[in-house]
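The following paragraphs give a guided reading of the structure shown below.

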There are 2 protein chains.
Amino acid sequence: MLPDMDFADRLVRAQREKRSSLVLGIDPQLDRPGAPGVPAGVSLARFCCEIIEACAEFVAAIKPQLAFFEARGLEGMAALVEVIRFARGRGLIVIADAKRGDIGSTSAAYAEAFLGDGDFGCDAVTVNPYLGSDAMAPFVARVRNGRGLFVLVKTSNPSSGEFQDLNATGRPVWEAVAGRVNGWGSDFIGQCGLSSVGAVIGATYPEQAARARTLMPAAIVLAPGFGAQGASASDAVATARADGLGVIVNASRGLMYAFASSPGLAPPAAARQAAEAMREELNRALSSRQNR
Amino acid sequence: MLPDMDFADRLVRAQREKRSSLVLGIDPQLDRPGAPGVPAGVSLARFCCEIIEACAEFVAAIKPQLAFFEARGLEGMAALVEVIRFARGRGLIVIADAKRGDIGSTSAAYAEAFLGDGDFGCDAVTVNPYLGSDAMAPFVARVRNGRGLFVLVKTSNPSSGEFQDLNATGRPVWEAVAGRVNGWGSDFIGQCGLSSVGAVIGATYPEQAARARTLMPAAIVLAPGFGAQGASASDAVATARADGLGVIVNASRGLMYAFASSPGLAPPAAARQAAEAMREELNRALSSRQNR
């Protein structure tokens, strides 16, 4: 870790070294009939760490989804700590997908939890803007310490438009959020020209992507929804800048559960194969944009 | 516990038994110079549980704020589990102040975490609506099991209007959220006439309270902001129905840190004294509304 280096610069360096815009989402599903959450005979932490190790060469960052650890109680949280330590020890950038946000002093405690040096400390965290600027400020303050944020702007789910797309005096609510993200990030633009205050824009809404880039020229966009949620590689990189940077694309189930559609391959091997393929697919989509 | 009883009915029963609209917020602050988070010589869990025991007679529910436990890592989460078990074992209703919300399958995992039977399972949870209905659905589904929700509608913090008050085709965004809360809750109205799908309306915005009650006639309103954030008792109960029900009022620092302004009293004794006084103050405010 280089704590004095901007998060945005660290992320871009990882993207260049790995030639990758791919983020490995760590979403260990809960067991349901016919859909095993964690394969039998392996611990939660080991299942996750083996997949991280197998995919490390092909991904710019990993993104543990807090919900799947919290749902498993204290044992799940202990596994999360192992996953974070393993990945950071391995030199990987870790984004806590926590979607937190609360009033000032409480947001400060969440910022300490996910951007501090404690058990759950990561390189970046996803945050929910519904409570406005003073809820975001304690997270933004941590950006000075080489940490990053991804603010929910336009999410990938079917009902994301219900409130995000409401027309607020001539523009959708998400555009108002995007404008504020641009402001919060303007003090934290790294040598790469991108800000350590980024945004979540679902890959499932490519039509909003160009507009999002205009509203937030320096934001790194974290794009969920590639693969399992139906977005194509070309949709997923729709917010990329002309140089191919400025977007990272998450894939969770398509990597962690690649073994389900790869008979004969163990989970890590299946994930590795899928990660390499997805990296190439995203790189091709970026090249074809640049050649347009 | 009566698992087959509606959450709303259980809460109203507790309010009647205790003659109280007060909720004890468990917000163990982080240590800062001059403002101790947890008094020296006592564990986090013990500090919280002693205050819960001391206030139990005067409060309708307790509301642990997840951030302050997460900020303390695994040790904090273990303390949270102790707090939840102690309070539920003591027959108290426990509301997890988690403000979660994510896309479908992830929200389902959060709902399992906070409304399931695991380590962090509580009676109700606060949720953030920014992602829309499909993010709320897994939580709403748990309401059938005697659990409750409080959806953020109009929050108590100074910048809450930044997005919540944006004018969306003739009405503020928070009113659109309130309308949906009313819809989500309409299938879950208990014998008390109130729904187990409630709403968070900051006590600091009493002018919006009457409008909120019109938009959500059956919602139980959780009102934060009383005391430390500046709202009066009369502001705090502004959403109450004519019978005095339909609102619960949170106080956190004013109870847990009452000892700081009560020389000679230990934290539990100071909290107990403050809880009784707050209960009476809220009851007086409710009476003077009914007599208007």
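Apart from its neighbours within four places in sequence, T239(A) is in contact with A209(A), R213(A), V221(A) and V247(A). The model is a predicted one, and every value below is computed from it. T239(A) belongs to the loop between helix 10 (233-236) and strand 10 (247-251) of chain A.

Strand 9 of chain A runs parallel to strand 8 (residues 195-201) of chain A, and three bridges join the two. Within strand 9 of chain A, L222(A) is the residue that stands opposite V200(A).

A corresponding description can be given for a strand of chain B. Strand 1 (residues 22-26) of chain B is mostly covered, with five of its five residues buried. L22(B), L24(B) and I26(B) point one way from this strand, V23(B) and G25(B) point the other way, and all are buried. Which strands pair with strand 1 of chain B? Strand 10 (residues 247-251) of chain B runs parallel to strand 1 of chain B and is joined to it by three bridges. Strand 2 (residues 61-64) of chain B also runs parallel to strand 1 of chain B, with four bridges between them. Individual residues show how these pairings are made: L22(B) stands opposite V249(B) in strand 10 of chain B, while L24(B) has I62(B) in strand 2 of chain B as its bridge partner.

Helix 6 (residues 133-142) of chain B is largely enclosed by the rest of the structure, because seven of its 10 residues are buried. These buried residues are S133(B), A135(B), M136(B), P138(B), F139(B), V140(B) and R142(B). What covers them includes, from chain A, helix 7 (161-164). From chain B, the cover includes strand 3, helix 5 (104-115), strand 4 (124-127), strand 5 (148-154) and helix 8 (173-185).

Contacts across the two chains can also be followed from a single residue. V173(A) is found in helix 8 (residues 173-185) of chain A. With a relative accessibility of 3%, V173(A) counts as buried. Beyond its neighbours within four places in sequence, V173(A) touches F163(A), Q164(A), D165(A), L166(A) and A168(A) in chain A, as well as Y130(B), L166(B) and V173(B) in chain B. V173(A) and V153(A) are 20 residues apart in sequence, and their C-alpha atoms are 8.8 Å apart in space.

Two residues deserve attention for their backbone angles. Most residues other than glycine have a negative phi. T169(A), although not a glycine, has a positive phi of about 40 degrees. This residue, T169(A), is placed in the loop between strand 6 (167-168) and strand 7 (171-172) of chain A. K99(B), likewise not a glycine, has a positive phi of about 50 degrees and is found in strand 3 (residues 93-100) of chain B. How do their surroundings compare? T169(A) is exposed, with a relative accessible area of 67%, whereas K99(B) is buried, with a relative accessible area of 8%.

Finally, chain A may be considered as a whole. Its secondary structure consists of 12 helices and 10 strands. A compact globule of 292 residues would have a radius of gyration near 19 Å, and the 18 Å of chain A agrees with this. The C-alpha trace of chain A spans about 55 × 45 × 40 Å along its principal axes. Of its 292 residues, 64% count as buried. Among contacts in chain A with a separation of 6 or more, 74% are between residues 24 or more positions apart. Chain A exposes about 10,100 Å², of which carbon and sulfur atoms supply 50%. Chain A has 29 positive and 29 negative side chains, and the centres of these two sets lie 4 Å apart.

Technical notes
Residues are numbered from 1 along each chain as its sequence is written. Chains are lettered from A and ligands numbered from 1 in the order in which they are written. This is a predicted model: local features need pLDDT of at least 70, side-chain atom pairs count only at pLDDT 80 or more; totals for chains, interfaces and linings use all residues. Side-chain values use heavy atoms; hydrogens and water are left out. The radius of gyration is taken over C-alpha atoms; the globule rule is 2.2 Å times the number of residues to the power 0.38. Buried means under 20% relative accessible area, exposed over 50%, partly exposed in between (1.4 Å probe, protein chains only). Contact means heavy atoms within 4.5 Å. Accessible areas come from the Shrake-Rupley method with a 1.4 Å probe; for residues, only the protein chains shown count as cover. Lys and Arg count as positive and Asp and Glu as negative; His and the chain ends are not counted. The place of a charge is taken as NZ of Lys, CZ of Arg, CG of Asp or CD of Glu. Two strands pair if DSSP finds at least two bridges between them.
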